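I opened this notebook to record what I looked up in the structure. The entries follow in the order of my reading.

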Amino acid sequence: MGIKNLSILLALPALIAASAGLVVFLDGCSSNSVSESSSAELAFNSAVEFENDERYEEALAKFNEVKNKHPYSKYAIESELHIADIQYKRESFIEAQTAYQLFKDFHPKNIKADYVTYRLAMSLYMQLPATPDRDLAPTTKAIQYFTEVINAYPTSQYVKDSEDKKLACLKMLAEKEAYIGNYYYIRNKFEPAQRRYEQLLVKYPNLGLDEIALYRAGISAFQQGDKIEGRRHMENLLSKFPNGDYAGDAKNALEKYAHN
């Protein structure tokens with residue numbers, strides 16, 4: 001037997017042992033991976049059960065456990081969305097807004113992107129006050145995300161409600177302009193009143209407030225001695241609303257102010 005063959009025979013046991021060790025190592029890695037996946041799934045399913053039973057605090061704790069202990073599992077991403085949903089369900093809309101926003105930022109191509117954008121818009125919408133005299137700061141952002149649902153996901157099941165809610169937001173902003181205009185108008189501060197009514201007509205047309213805005217903008221102009229603007233607003237009113245509630249008043253105003 002040659003020296004070369006003898007060397008191979010002598011090294012064979014070591015090679016076999018090394019191979020066996022590698023198999024054991026790979027098998028161990030595979031087992032750990034399966035074990036981790038199984039552990040993540042069990043924790044996730046447990047969290048879902050808590051959520052379905054409306055045991056929200058326990059559900060949040062479990063979903064956060066999945067996120068923290070299994071950050072690379074598919075269940076971690078799903079847990080993020082469930083956390084946002086729970087905050088929404090329990091009417092913690094500021095927290096829900098933050099959670100949906102983070103999910104949208106970190107997972108923009110997620111299969112549920114339309115749902116996430118819609119729920120983000122709804123979280124803002126649900127923060128709006130009941131009356132226009134309060135802070136409407138979230139309205140513009142809500143409109144932005146409702147518009148995104150409509151334009152970016154035209155086949156989404158959330159388009160119709162997004163259209164309805166966007167219109168409701170625009171009406172609230174229009175009512176805010178009218179509220180401020182009315183505040184000045186009833187105090188005979190006609191210059192800022194006219195400005196507000198005119199802004200309403202430009203920014204929020206066809207939302208049910210055009211007729212009164214035209215009338216009061218016209219009166220405000222007449223009261224400042226501006227017959228041209230006053231006549232323009234009254235004639236626009238009579239053209240658009242010939243049988244409207246303010247048509248008679250507009251005609252009287254033209255007689256009183258424009259011909260003097």
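Predicted model: local features only at pLDDT ≥ 70, side-chain atom pairs only at ≥ 80, totals over all residues.

Entry 1, cores. I looked up the largest nonpolar core and found 51 residues in it; Y100, F146, Y185, I219 and M234 have the most contacts inside it. I take a nonpolar core as a set of buried Ala, Val, Leu, Ile, Met, Phe, Trp, Tyr and Cys residues joined through side-chain atoms within 4.5 Å. Another core, of 13 residues, lies apart from it, and includes A40, F44, V66 and Y75.

Residues are numbered from 1 along each chain as its sequence is written, and side-chain values use heavy atoms, with hydrogens and water left out.

Leaving aside neighbours within four places in sequence, I found I219 in contact (heavy atoms within 4.5 Å) with Y185, M234, A253 and Y257. I219 is also one of the buried residues of α9.

I read α9 as residues 210-223, a helix being a DSSP run of H or I of at least four residues, numbered from the N terminus. Of its 14 residues, 12 are buried, that is, under 20% relative accessible area with a 1.4 Å probe, protein chains only. After α9 comes G225, with a positive phi near 85°.

I located K104 in helix α4 (residues 93-106). K104 counts as buried because its relative accessibility is 16%.

Key. Helix = DSSP H or I, 4+ residues; strand = E, 2+ residues; numbered from the N terminus. Buried < 20%, exposed > 50% of the residue type's maximum accessible area, 1.4 Å probe, protein only. Expected span 1.5 Å × (residues − 1).
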